[in-house]
Amino acid sequence: MSDNSSEFINETILAGLDPNIVRMFKKDDAGALLFREAWVDAGGGEDNEETEENEVVVAPEIFFVVNHGTVGHVSTSKEVAVASLEEAEGMLAAFSEQSVADGFAPLARDDQFLVVAQFALKNDRVSDRDKHLAFRVKESLTAHLAWRGSGVLEKMEFTAAGHGLGKLNVYIVAPDAARAVANVKVCIREEKLDFTKLTVATGPIGDVAALRAKHSPTGTTHFSL
């Protein structure tokens, strides 16, 4: 099944991936995977300046944000207002150096896991309801996983399932597959996003043939995209 909505959804996901986030991981003495991340938020602000033409220009507020916790669990976040972008970038560099000194390190994509959340659809032609589900899933899962350090949405697609049925596949790159599966299930159930139609599979990055279902309505481990 080919549908332009898949391409558009993927564009919105990619647009939301901030390459300026510094994210690192390490295991503690008990074997739990910890994460630590920071970024610069230079969004809109409240401080106004007046030009010679008496036009009001809004000066953006700049914050340095740190988020940390145990992968799979709700994290702790703190933001600090800074005077300039240069100061914030200096704080980000210092954060990176300190994290490395504390034993944290970036986790490459190839060293993580692929998790696919799949929704069974009633038709292989994408309906407005299917598009609405996709955007709700994108918004809900993006936030839920991000604040737990348990995964990043990479893309979404609609595919045919045979017999006139369809699928919505949500691809997630996760540092801990089991934690990501648990978080996905909780999020979809709490947000009432067709949990009874959900299957979640995991496998190594780059080998979709190795994906196996860890949760499915029927209890089977068989999985196909």
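Quick definition before we start: two strands count as paired if DSSP finds at least two bridges between them, and helices (H or I, at least four residues) and strands (E, at least two) are DSSP runs numbered from the N terminus. This is a predicted model, so to speak of local features we need pLDDT of at least 70, side-chain atom pairs count only at pLDDT 80 or more, and totals for chains, interfaces and linings use all residues. Residues are numbered from 1 along each chain as its sequence is written, and side-chain values use heavy atoms, with hydrogens and water left out.

So, the sheet. Look at Gly162: opposite it, in β9, stands Leu165. β8 and β9 run antiparallel and are joined by nine bridges. The whole open sheet has five strands, ordered β8-β9-β7-β10-β11, with antiparallel pairing. Which strands stand at the edges? β8 and β11 (212–215), each with a single partner strand, so one side of each has no neighbour in the sheet.

Now the core, meaning buried Ala, Val, Leu, Ile, Met, Phe, Trp, Tyr and Cys joined through side-chain atoms within 4.5 Å; buried is under 20% relative accessible area with a 1.4 Å probe, protein chains only. The largest one has 26 residues, and Leu141, Leu168, Val170 and Val184 touch the most other members. α4 gives the largest share, six residues. Leaving out residues up to four places away in sequence, Leu168 touches, among others, Phe119, Leu133 and Met156, contact being heavy atoms within 4.5 Å.

How values were computed:
Buried < 20%, exposed > 50% of the residue type's maximum accessible area, 1.4 Å probe, protein only.
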